[in-house]
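I opened my notebook for this one and wrote things down as I looked them up. Here are the entries, in the order I made them.

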Amino acid sequence: MRIDFDPAELDQNAVYRLLTATVVPRPIAWISTVSADGVDNLAPHSFFTIASVEPPTVQFTSVRRKDTLRNVEATRQFVVNLSPEPLFEQINDTATDFPHGVSEFDTVGVEREPGHRVKASRVAASPVALECELHSTVGLGTCTVVFGRVVHVAVDESVLEDGHPEVTKLRPLTRLGRNEWGTFGGVRERARVPYADWNRS
């Protein structure tokens, strides 16, 4: 038996809990930005995915207006740092609602390195950094979807195999429901079957 839920009859928190517990696992964009005043910001965002490969574009959603969104609007740049399992505590700590103008890099103790094509700092210990320039934003109620064109990719050579990022070395964290996080598990590999080779018998 299924239980039916009508989003129109639920409050916003109930809808949030229902969707985030169902759409799992979600990759975490650990987004670094810099304000117009030069203050570095760093925060995890789990509403994140690839939007396009031509041009290379990623997207994340800011739930309500936060420093990340304000900084992107002001500077039109940001960096998506991959969120690896060994940095779990720091990633979670940067989700704290620090006052405006406080740098999570400094307060949490996250080592930074300069961006190559953007002014925003990168997380030095993150194995992958996607440097982005703002393409556009779309407002959806209390949320804003941000599209960023990827203008530079920096990958630590230690996570590459034959020039390709190896997921067992990346060890990406994911978000689940409530306060749950997902760590890297097993991998199943299977190629897609071309229709010309399709045979159900």
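**Entry 1: the middle of the sheet**

I began with S2 and S6, which are antiparallel and joined by four bridges. Strands here are DSSP runs of E of at least two residues, helices are runs of H or I of at least four, and both are numbered from the N terminus. Two strands pair if DSSP finds at least two bridges between them. Within S6, valine 79 is the bridge partner of serine 32.

A note to myself on the source: this is a predicted model, where local features need pLDDT of at least 70 and side-chain atom pairs count only at pLDDT 80 or more, while totals for chains, interfaces and linings use all residues. Residues are numbered from 1 along each chain as its sequence is written, and side-chain values use heavy atoms, with hydrogens and water left out.

Then I followed S6 to its other neighbour: S6 and S9 are antiparallel, paired over five bridges. Glutamine 77 sits opposite glutamate 133 in S9.

How many residues of S6 are buried? I found six of the six, so the strand is largely enclosed by the rest of the structure. Buried means under 20% relative accessible area, exposed over 50%, and partly exposed in between, with a 1.4 Å probe and protein chains only. In a regular strand the side chains alternate between the two faces of the sheet. In S6, Gln77, Val79 and Asn81 point one way, Phe78, Val80 and Leu82 point the other way, and all are buried.

**Entry 2: the whole sheet**

I wrote out the strand order as S3-S2-S6-S9-S10-S5-S4, an open sheet of seven strands with antiparallel pairing. Strand S3 (40-45) and strand S4 (48-53) are at the edges with a single partner strand each, so one side of each has no neighbour in the sheet. From one strand to the next the twist averages 35°. For angles, axes are lines fitted to C-alpha atoms, for helices over the stretch in contact, and run from 0 to 180 degrees between N-to-C directions.

At the S3 end, strand S2 (residues 29-34) is joined to S3 by six bridges, again antiparallel. Isoleucine 31 is opposite alanine 43 in S3.

**Entry 3: helix H2**

Which strands does H2 lie across? I listed S2, S3, S5, S6, S9 and S10, with helix H2 (residues 67-75) running at about 50° to S2. The buried residues of H2 are Asp67, Thr68, Leu69, Asn71 and Val72. Their cover includes S2, S3, S5, S6, S9 and S10, where contact means heavy atoms within 4.5 Å. Just after H2, arginine 76 has a positive phi of about 65°.

**Entry 4: rings**

I found three aromatic pairs in the structure. Rings of Phe, Tyr and Trp (its six-membered ring) pair if their centres lie within 6.5 Å; planes under 30 degrees apart are stacked, over 60 edge-to-face, the rest tilted. One of them, tyrosine 16 with phenylalanine 47, is tilted, at 6.2 Å centre to centre and 35° between the planes. Tyrosine 16 is in helix H1 (residues 12-22) and phenylalanine 47 is in the loop between S3 and S4, so the pair ties together parts 31 residues apart in sequence. Tyrosine 16 is partly exposed at 40% relative accessibility, and phenylalanine 47 is partly exposed at 28%.

Another pair, phenylalanine 60 with phenylalanine 78, is edge-to-face, at 5.3 Å and 75°. Phenylalanine 60 is in S5 and phenylalanine 78 in S6, 18 residues apart. Phenylalanine 60 is buried at 1% relative accessible area, and phenylalanine 78 is buried at 0%.

Arginine 26 is opposite arginine 175 in S13. The charged end of arginine 175 sits over the ring of tryptophan 181, 4.9 Å from its centre; the test is NZ of Lys or CZ of Arg within 6 Å of the ring centre and within 35 degrees of the ring normal.

Last, the peptide bonds: valine 24 to proline 25 is cis, with omega near -10°, and glutamate 54 to proline 55 is cis, with omega about 5°. Proline 25 is in the loop between H1 and S1, and proline 55 is in the loop between S4 and S5.
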